[in-house]
Amino acid sequence: PQGIDLYGFAYADAEGANPLLVALNDKDQLVVYSSGAIIWKGEEKYPSGGTILPKPLTGIESVISAPPNAVNAVTLSQEIDDKSRKVKISGRVFSVDLNGDGRDEILVPKNSGGSFLSAHNKSEFIGLGWTGARFEQRWSIGDIPGAVLDYQVVRQPGSGMQILGLI
């Protein structure tokens, strides 16, 4: 769906039947799609440590904006400051069956704190379960100092245990 980036979504087998596409929209809210249609949109926001990158110039744009001799610091800085070329990469959305019930839970970080001049200074990690109509919080790991920038869940070989790694 439009507005969904590379990391801000996951397919979840939340109903034990057809997988749902669960994604963060541009306002950091969870949206659930089934067969391409929105079936639920949450109100809660899950701000991530999302990254903002400039879109690379392609084709004729790169030729037109290229400095005549060497790298031109002014041109480069203008390219980076051009708001029309900025792309936000959302935080990761992960789906995994943590409790073995055959239904995936959704895992998302929720960063908070900070100010206009500084980034998030605290966070919590949220586990959400599908009720059949919406996602509800099932558990959280709170009071994490600093922002959660990324994470990964890995299954411990042979033990069935899963490990959550936060960055």
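## Salt bridges

Arg-134 has a relative accessible area of 41%, so this residue counts as partly exposed; buried means under 20%, exposed over 50% and partly exposed in between, with a 1.4 Å probe and protein chains only. This is a predicted model, in which local features need pLDDT of at least 70, side-chain atom pairs count only at pLDDT 80 or more, and totals for chains, interfaces and linings use all residues. Residues are numbered from 1 along each chain as its sequence is written, and side-chain values use heavy atoms, with hydrogens and water left out.

The side chain of Arg-134 meets that of Glu-136 in a salt bridge, at 2.6 Å from N to O. A salt bridge here is a side-chain nitrogen of Lys or Arg within 4 Å of a carboxyl oxygen of Asp or Glu. Glu-136 is partly exposed because its relative accessibility is 32%. The count of salt bridges comes to 3.

Glu-44 pairs with Lys-110 in another salt bridge, with the closest N and O atoms 2.1 Å apart. This pair links distant parts of the chain, since Glu-44 is in strand E4 and Lys-110 in strand E8, 66 residues apart. Glu-44 has 41% relative accessibility and therefore counts as partly exposed. Arg-92 forms a salt bridge with Asp-150, where the closest N and O atoms are 2.8 Å apart. Arg-92 sits in the loop between strand E6 (86-89) and strand E7 (94-96), and Asp-150 in the loop between strand E10 (135-145) and strand E11 (151-155), 58 residues apart. Both are partly exposed: Arg-92 has a relative accessible area of 23%, and Asp-150 one of 25%.

## Confidence and chain layout

The mean pLDDT of the protein chain is 78, and 69% of its residues reach 70 or more; pLDDT is the predictor's confidence in each residue, from 0 to 100. Over residues 70-77 the pLDDT is below 50, and this stretch has 3 contacts in the model beyond near neighbours in sequence. A contact means heavy atoms within 4.5 Å. Where pLDDT is low, the predicted coordinates should not be read in detail.

The chain has 2 helices and 12 strands, in the order β-β-β-β-β-α-α-β-β-β-β-β-β-β along the sequence. Helices (H or I, at least four residues) and strands (E, at least two) are DSSP runs, numbered from the N terminus. Of the 167 residues, 31% are buried. Among contacts between residues at least 6 apart in sequence, 41% join residues at least 24 apart.

## Nonpolar cores

The largest nonpolar core has 17 residues, and those with the most contacts inside it are Val-22, Leu-30, Ile-106, Val-108, Leu-128 and Phe-135. Such a core is a set of buried Ala, Val, Leu, Ile, Met, Phe, Trp, Tyr and Cys residues joined through side-chain atoms within 4.5 Å. At least two residues of this core come from each of strands E1 (9-12), E2 (20-24), E3 (29-34), E8 (105-112) and E9 (122-130). Apart from this core lies another, of 8 residues, including Phe-125, Ile-144, Val-148 and Val-153.

Beyond its neighbours within four places in sequence, Phe-135 is in contact with Ala-14, Val-22, Val-32, Trp-40, Ile-106, Leu-128, Gly-129 and Trp-130.

## Asn-111

Asn-111 is placed in strand E8 and counts as buried because its relative accessibility is 2%. A polar atom of the Asn-111 side chain lies 2.8 Å from the backbone nitrogen of Val-148.

How values were computed
Polar contact = N/O pair within 3.5 Å; in protein donor to acceptor, adjacent residues only side chain to side chain.
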